[in-house]
Structures are given as structure tokens and as C-alpha cells.
Amino acid sequence: MTRTTSASASTPAKTVLISGASIAGPALAYWLHRYGFVPTVVERAPELRTGGYKVDIRGTAIEVCRRMGILDEVRANSTDMRGGSYVDDAGRTIGELPAEIFGGRAEDDDEIMRGELARILHDRTRDDVEYLFDDSIAALAEDADGVDVTFESGPTRRFDLVVGADGMHSHTRRLVFGPEERYRRHLGAYISIFTAPNHLVLDRWETYHAAPGRLTCVYSSAGETDAKNLFVFASPEELPHDHRDTAAQKRLLADAFADGRWELPRLMRHAADADDFYFDAISLVEMDRWSKGRVVLLGDAAHCASPASGQGTGLALLGAYTLAGELAAARGDHRTAFAAYERVLRPGVERNQRMAESFVKELTVDRKWKIALRMFMVRTLPRTPWKNLIAKKIRDEIQAGAHAVPVKEYPAYGLPAGV
Ligand SMILES: Cc1cc2nc3c(=O)[nH]c(=O)nc-3n(C[C@H](O)[C@H](O)[C@H](O)COP(=O)(O)OP(=O)(O)OC[C@H]3O[C@@H](n4cnc5c(N)ncnc54)[C@H](O)[C@@H]3O)c2cc1C
């Protein structure tokens, strides 16, 4: 195929292997292809992982979606949440909060299920990009001109560049930069989420229950017949557990939520049966550098800002846009491009990571009086004359993080897809 974008006219085609086909990986593949590079995506899962939870796309990440031509589809698949409420131990509503506070209904704040976004990105790229499912990088050997990649399935192939977009527990990071413990910092809490029948009959609504050191949220979004059940609990120390041992993780969750308040006994029974059970430490990934030689990290692999920031997806999209744009602008000179990518992204990433640290503490307040104070505010907020001011303050804080990474203009932007 002849590629005729301005980048490709003066840039020799660059082959790029991307590890991970969730958000960051396919978004990068989209932009690289558009600039005339030749991306290949390898994904460990046997097929596209479409499950998950709702994620926010805010601020400058919305502009990236617009430039990718997917914004209308993202909006058509919005969770369309109407709002949420806090309930007490007996399930009585303490107070309701509008969707604007939870996100999902404003011009500058979209919300979509992670799996839907992954599907949209995969659909956009599948005809132009080689996807290798059910495989993974086994070994990397870099020399002056490229990287020999041995796949777990056996073959060795050579690429100009390798990108690790394989999430918080990045395998690429481990292979190239060293053990995860060097870069992942536990933020003192765990998160779990799974799907179960919508027995609370929620319609685009989220219901919260708080107890000292714990928060439960049950929600059902547009088009979903089931409910998502999300749990956060404080644990200053990391709990020793095997990432692949789901049964042990279910026991840890059951232990943390064992006191039988509200709907917890029923939810724990559903947890035991769930086949999409997710459980992990809420963590930051902090690295001095995101690249080494011809290998660079992207999205959560480079800078996980924990689910608590609500910006992980946006940062993954912005990172993909920036990394591809810098590679195009540098005409494939990876040293120049990788350094510029970090310069553009890092300040915004760090800002969101600081926000994540404080949000995690908010999610797991450990004192009864602090929870009582919050419930008082939830109860009285809708009746206070300052409710719009308070809602605006919360939104302004979130939006400051969401606008912290700029959308740079790149020379090849606006050209037709890499044809
Ligand atoms: C419960 C929860 C709620 C969240 N809520 C929000 C939110 O409200 N807003 C928000 O913006 N973000 C949220 N996030 C974070 C968001 O999901 C991530 O920041 C985002 O998905 C990052 O995308 P990524 O592509 O970098 O990594 P990931 O989505 O983690 O994808 C990594 C991919 O790499 C693959 N992979 C792993 N290992 C290998 C390997 N060895 N070889 C090949 N492939 C591999 C995985 O299968 C996966 O497909 C939430 C996360 C969780 C867990």
C-alpha cells in the first residue's frame, strides 16, 4: 500500500509493535496509521476485552475524540446517567445528587463503558492495523536499528519501535525497565467491580453506601440490563494476593465487607458467582522516564493515575495522540519524539496523580464523624442556596485536571487517514 500523508512522504515507514489492545494501544494505532507508520497490536486476551466499567472522557481528551472522528459514536454510547443517591444501612435515601456532579451529562464531560470505547477504537482501526490476539511479547532484543521481538506463540519479528500500552501491571515495563515494585505505589485502598443482576432496578442511576474505610456503589447505565457493583476499601498495607487467583480475591473482598450492612450480604453472594470479577490495589505508576532506547510506555503502563483520578482514559487518549504526533513531527526520530512526548504530557499527568491521591482518601474516609458530615452535606445540598456554587467548585477541580494536558497541533493533522 502506498501512503501519501505528508509525514510519510519524507519519513521512511516505521514499524511499531504496540502491546495492549484496550484504550491507549488502539488509539495510538489509529494515529500512527494516519501518519503513515505501520502499527501492529499484540493483545494477551484471546479477543477484544469488551467488559468493564464506566469511564470518563473529559476536557482535552474530548478534542482528541473529535479529531479521531469518534466523538459522535462515543456520545451515542454514553452511559447517560441521570444522577445518584447515598443510602443508609436500611437502604433509605439520604440525599440525591445530580448527574453533573457524578459526570456524564455535560458538554465537556462524557462517560462511556470502557468496553464500548475499546470496541469503537478497534472498529476504527481493525481494517488498517494488524491485531494479534492471544499472544504476548516473550522477549525483546534491541540493537542500533531496531528491536527483535520474540512472541510467546513462537515467531520472532523485527520492529523499529515497541510501545508498552499494556496497563498498570505492564509486562513490557517489567521486561525493559525492571520489576513492577520499583514503579507502582499503593495508595492505601483496593477496588473491586463485577456485574450482577440489577435487583435494585436502577435506571441510569448510581446508589452509594459509605461505612468507615469503605464505599460501595451499585449502578446501571443506559442500555445495560445488569448492574455494576463497585467496592472500594482502605488497606494501608498491600494484601498479599496472586493476581490470577480470583477465588482468593473474592475472599479478601468478602472479609472487608462482612458486616452485613445494607445490601452487602446479597452483593457478596453475587461476587462469589461473578465471572467478570475485577480486583486490584489502587495504585499510581511513577517513572522518571517513559522510554528506554526504542521502547516507550503509554497510558496506565507509563503513568497509571489510578481509577480515582477519573482521568486514566483521557490520559491514555491524549498520550496516544501526542506520541504519534511527535513521531510524525520528528519524522520517525524516536529520540526526539519520545522526549517531546514526555514534555507535553508529564505536567498534566502529575497534576492528575496528585488529584488521585486526595480522591482515594475521600473515597475511604475512616472516621464515623467524617461520614456523618458528608451525609449531612448530601442531605442538605439540594436545599442550600449555594448548591450551584458547590457543584461548580467540584466540577472546576475535576475540569482543571481534565484540561491539564494540551492538544498540540501536529503538521500532518487534518490529512485523510493513511492512504
Ligand atoms: C474499576 C475501574 C474504574 C475506572 N474508572 C475510570 C474512570 O471513571 N475514568 C477514567 O478515565 N478511567 C477510569 N479507569 C481507568 C481506566 O480504565 C484506565 O486508565 C484506562 O483503561 C487505561 O487504558 P490503557 O489502554 O492504558 O490500559 P488498560 O485499559 O489497562 O489496558 C491494557 C491492555 O493490555 C493488555 N495486556 C496486559 N498484559 C499484556 C501482555 N503481556 N501482552 C499483551 N497485552 C497485554 C490487557 O489485556 C489490556 O487489554 C478505571 C479503571 C478501573 C479498574
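Which side chain meets that of Glu180 in a salt bridge?

1. The partner is Arg184: its side chain and that of Glu180 form a salt bridge with an N to O distance of 2.5 Å. A salt bridge here is a side-chain nitrogen of Lys or Arg within 4 Å of a carboxyl oxygen of Asp or Glu. By this rule, the count is 34 salt bridges.

2. The model is predicted, so local features need pLDDT of at least 70 and side-chain atom pairs count only at pLDDT 80 or more, while totals for chains, interfaces and linings use all residues. Residues are numbered from 1 along each chain as its sequence is written, and side-chain values use heavy atoms, with hydrogens and water left out.

3. Glu180 is buried, at 9% relative accessibility, and Arg184 is buried at 16%. Buried means under 20% relative accessible area, exposed over 50%, and partly exposed in between (1.4 Å probe, protein chains only).

4. Glu342 and Arg346 also meet in a salt bridge, at 3.0 Å from N to O. These two residues stand 4 residues apart in helix 12 (residues 334–363), which places them about one helical turn from each other. Helices (H or I, at least four residues) are DSSP runs, numbered from the N terminus. Both Glu342 and Arg346 are buried.

5. Helix 12 also holds Glu357 and Arg354, 3 residues apart, or about one turn of the helix. Their salt bridge has its closest N and O atoms 2.7 Å apart. Arg354 is partly exposed, with a relative accessible area of 39%.

6. Elsewhere, salt bridges with shared partners join Glu73, Glu116, Arg119, Asp123 and Arg126 into one network.
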